[in-house]
Amino acid sequence: MVLVFGVMTLSGGTQNPLVLVQFGAKYNPLIVEGQYWRFITPIFIHIGFTHILMNGITLYFIGQYVEKIFGHTRFLIIFLLSGVVGNFASFAFSDGISAGASTAIFGLFGAFLMLGESFQDNPMIVSLARTFLLFIVLNIAMDLFVSGIDIAGHIGGLVAGFLSAYIVGVNFGKVASIKRIISGIMLLFVAGAILYLGFSKNM
């Protein structure tokens, strides 16, 4: 992300709409034309120094917890699935250019909510889950009053993270198979419905 940010800065600036589109930001008209990779690339693009700084700090602190609990591979799956589904939601509900790892980061918060729901006998996990829940509520509340924030992408990533955490499971405990199956079906349904809505609105 830092490397991409540096290259974009040298190419004309990370807040330049033309540069953002050139490097793969979510831009609905081009997605409709077939550039579906724009559901993935926005995760690695940031708009301005403050954006990448705040996302980087947040990712560092929550990422180390999630990665230790889920393991490297599961962490990557949750991160990418959340980012992509979050960008589906952005495509469906937001017409503007958007980019950033926030969709994926909210997915990591969603993964912690899953832990809090599934492992209520673990005081440390429950405490962390409650802390992150408060952080989520405050962030979404702030999103409502700050212009330019892609709240749809954040909520989409949050839901995808919660469900994908059930699907991949954890290293230290067993998640019931029925919960994993139901979560997989729900994630496919949610992602499919949002994507259908997005193309219906943008065609």
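# Aromatic pairs and helix packing in a predicted model

Phe39 and Phe88 are both buried.

## Aromatic pairs

The count of aromatic pairs comes to 12. In one of them, the ring centres of Phe39 and Phe88 are 4.7 Å apart and the planes stand at 85 degrees, so the pair is edge-to-face; the cut-off for that class is over 60 degrees. Phe39 sits in the loop between α3 (28-32) and α4, while Phe88 is in helix α5 (residues 72-93), so this pair ties together parts that are 49 residues apart in sequence.

Another pair is formed by Tyr65 and Phe112, with ring centres 6.4 Å apart and planes at 80 degrees, so it is edge-to-face too. Tyr65 is in helix α4 and Phe112 in helix α6 (residues 102-118), and the pair links distant parts of the chain, 47 residues apart.

The geometry of the two pairs is set out below.

| Ring pair | Distance between centres | Angle between planes |
|---|---|---|
| Phe39 and Phe88 | 4.7 Å | 85 degrees |
| Tyr65 and Phe112 | 6.4 Å | 80 degrees |

## Helix packing

Helix α5, which carries Phe88, packs with helix α9 (residues 177-202) at an angle of about 35 degrees, and the axes are 7 Å apart. The crossing of these two helices is left-handed. On the α5 side the contact is made by Leu81, Val85, Phe88, Ala89, Phe91, Ala92 and Phe93; on the α9 side, by Leu187, Ala191, Ile194, Leu195, Leu197, Gly198, Phe199, Lys201 and Asn202. Phe88 is thus named both in the ring pair with Phe39 and in the contact between α5 and α9.

How are α7 and α8 oriented to each other? The axes of helix α7 (residues 123-143) and helix α8 (residues 151-168) come within 10 Å and cross at roughly 155 degrees. The two are therefore roughly antiparallel, because angles over 145 degrees fall in that class. α7 passes α8 in a left-handed crossing. Ile136, Ile140 and Asp143 of α7 make the contact with Ile151, His154, Ile155 and Leu158 of α8.

## Single residues

Ser164 lies in helix α8 and counts as buried, at 1% relative accessibility. Leaving aside neighbours within four places in sequence, Ser164 is in contact with Ile78, Leu81, Ser82 and Leu187. Of these contacts, Leu81 and Leu187 are also named where α5 meets α9.

Gly107 is in helix α6 and is buried, with a relative accessible area of 0%. The C-alpha atoms of Gly107 and Gly161 are separated by 3.7 Å, although the residues are 54 apart along the chain. Beyond four places in sequence, Gly107 is in contact with Ile78, Ser82, Gly157, Leu158, Gly161 and Phe162. Ile78 and Ser82 are also among the contacts of Ser164.

His51 is found in helix α4 (residues 49-70). A polar atom of the His51 side chain lies 2.9 Å from the backbone nitrogen of Ile47. Neighbours within four places in sequence aside, His51 is in contact with His46, Ala99, Gly100 and Ser102.

How values were computed. Residues are numbered from 1 along each chain as its sequence is written. This is a predicted model: local features need pLDDT of at least 70, side-chain atom pairs count only at pLDDT 80 or more; totals for chains, interfaces and linings use all residues. Side-chain values use heavy atoms; hydrogens and water are left out. Helices (H or I, at least four residues) and strands (E, at least two) are DSSP runs, numbered from the N terminus. A polar contact is a pair of N or O atoms within 3.5 Å; within protein, one must be able to donate a hydrogen and the other to accept it, and residues adjacent in sequence count only if both atoms are side-chain atoms. Contact means heavy atoms within 4.5 Å. Rings of Phe, Tyr and Trp (its six-membered ring) pair if their centres lie within 6.5 Å; planes under 30 degrees apart count as stacked, over 60 as edge-to-face and the rest as tilted. Buried means under 20% relative accessible area, exposed over 50%, partly exposed in between (1.4 Å probe, protein chains only). Axes are lines fitted to C-alpha atoms, for helices over the stretch in contact, and angles run from 0 to 180 degrees between N-to-C directions. Angles under 35 degrees count as roughly parallel, over 145 as roughly antiparallel, 65 to 115 as roughly perpendicular and the rest as oblique. A crossing is left-handed if the near helix is turned anticlockwise from the far one by less than a right angle, and right-handed if clockwise.
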